[in-house]
Each structure stands twice: as C-alpha cells, then as structure tokens.
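I opened the notebook to look up one protein chain. The entries below follow the order in which I checked things.

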Amino acid sequence: MCPMCKDPKCLVNEQPDGKLVCSCGKHSWPNSAIYAEACRKSSLTVVKTVHNWTQSL
Ligand SMILES: [Zn+2]
Ligand SMILES: [Zn+2]
C-alpha cells in the first residue's frame, strides 16, 4: 500500500530500474530504502495523530 495515498487499493510496484511507483502514479521513490523510510515516517505520523486525538478526548 502507498503510504502517501493511504489507499489499500493503491499498491506500490517496483520498476525494473529499482524505482518504486504507486499504482495511481502520484508518488514514486528512487529506491526501496527511501520507500521503507517513507512508510516508517507515515506510520509514526499515524500513531502520533491517534495519540493526539486520544488526548483531546
Ligand atoms: Zn501514492
Ligand atoms: Zn495512489
């Protein structure tokens, strides 16, 4: 799943040149390490958002 689209139907495909591109074509990463980092940052953001939302209740 693309961490930027946050759409389970948007899959990330590795290109023959090593680039990763999401299926709608809006996002791309030059290599899998940068993609992994984007996923990690994205999941941290989600956790932080949920945490803030919980606190505000
Ligand atoms: Zn995307
Ligand atoms: Zn997409």
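Among contacts in the protein chain between residues at least 6 apart in sequence, what percentage join residues at least 24 apart? I looked this up, bearing in mind that the model is predicted. The share is 10%.

**Entry: overall layout.** I listed the secondary structure and found one helix and three strands. Read along the sequence, the order is β-β-β-α. I then checked burial: of the 57 residues, 11% count as buried.

**Entry: the sheet.** I traced how the strands are arranged. The three strands make an open sheet, ordered β1-β2-β3, with antiparallel pairing. Strands β1 (12-14) and β3 (28-29) are at the edges and have a single partner strand each, so one side of each has no neighbour in the sheet.

Entry: Which residue in β2 is the bridge partner of Val12? I found that it is Cys22. I then looked up the contacts of Val12, leaving out residues up to four places away in sequence: Val12 touches Cys2, Leu20, Cys22 and Tyr35. Val12 also belongs to the largest nonpolar core, which has five residues.

**Entry: Asp17.** I located Asp17 in the loop between β1 and β2. Is Asp17 buried or exposed? I counted 7 other C-beta atoms within 10 Å, and the limit for exposed is 12 or fewer, so Asp17 is exposed. I also took a distance from Asp17 to Pro30: these residues are 13 apart in sequence, and their C-alpha atoms are 9.1 Å apart in space.

**Entry: Lys6.** I looked for Lys6 and found it in the segment before β1. Its phi is positive, about 55°, although Lys6 is not a glycine. Lys6 has 10 C-beta neighbours inside 10 Å, so it counts as exposed. I then checked Lys6 against Ser42, which is 36 residues away along the chain. Their C-alpha atoms are separated by 9.2 Å.

**Entry: Ala38.** Where does Ala38 lie? I placed it in helix α1, residues 32-56. Ala38 has 17 other C-beta atoms within 10 Å; a buried residue needs 20 or more and an exposed one 12 or fewer, so Ala38 is partly exposed. Leaving aside neighbours within four places in sequence, I found Ala38 in contact with Pro3 and Trp29. Last, I looked up Ala38 and Met4: they are 34 residues apart along the chain, and 8.2 Å separates their C-alpha atoms.

Terms used:
Residues numbered from 1 in each chain as written. Chains lettered and ligands numbered in written order. Predicted model: local features only at pLDDT ≥ 70, side-chain atom pairs only at ≥ 80, totals over all residues. Core = buried A, V, L, I, M, F, W, Y, C linked by C-beta atoms within 7 Å. Contact = placed C-beta atoms within 7 Å. Helix = DSSP H or I, 4+ residues; strand = E, 2+ residues; numbered from the N terminus. Pairing = 2+ DSSP bridges.
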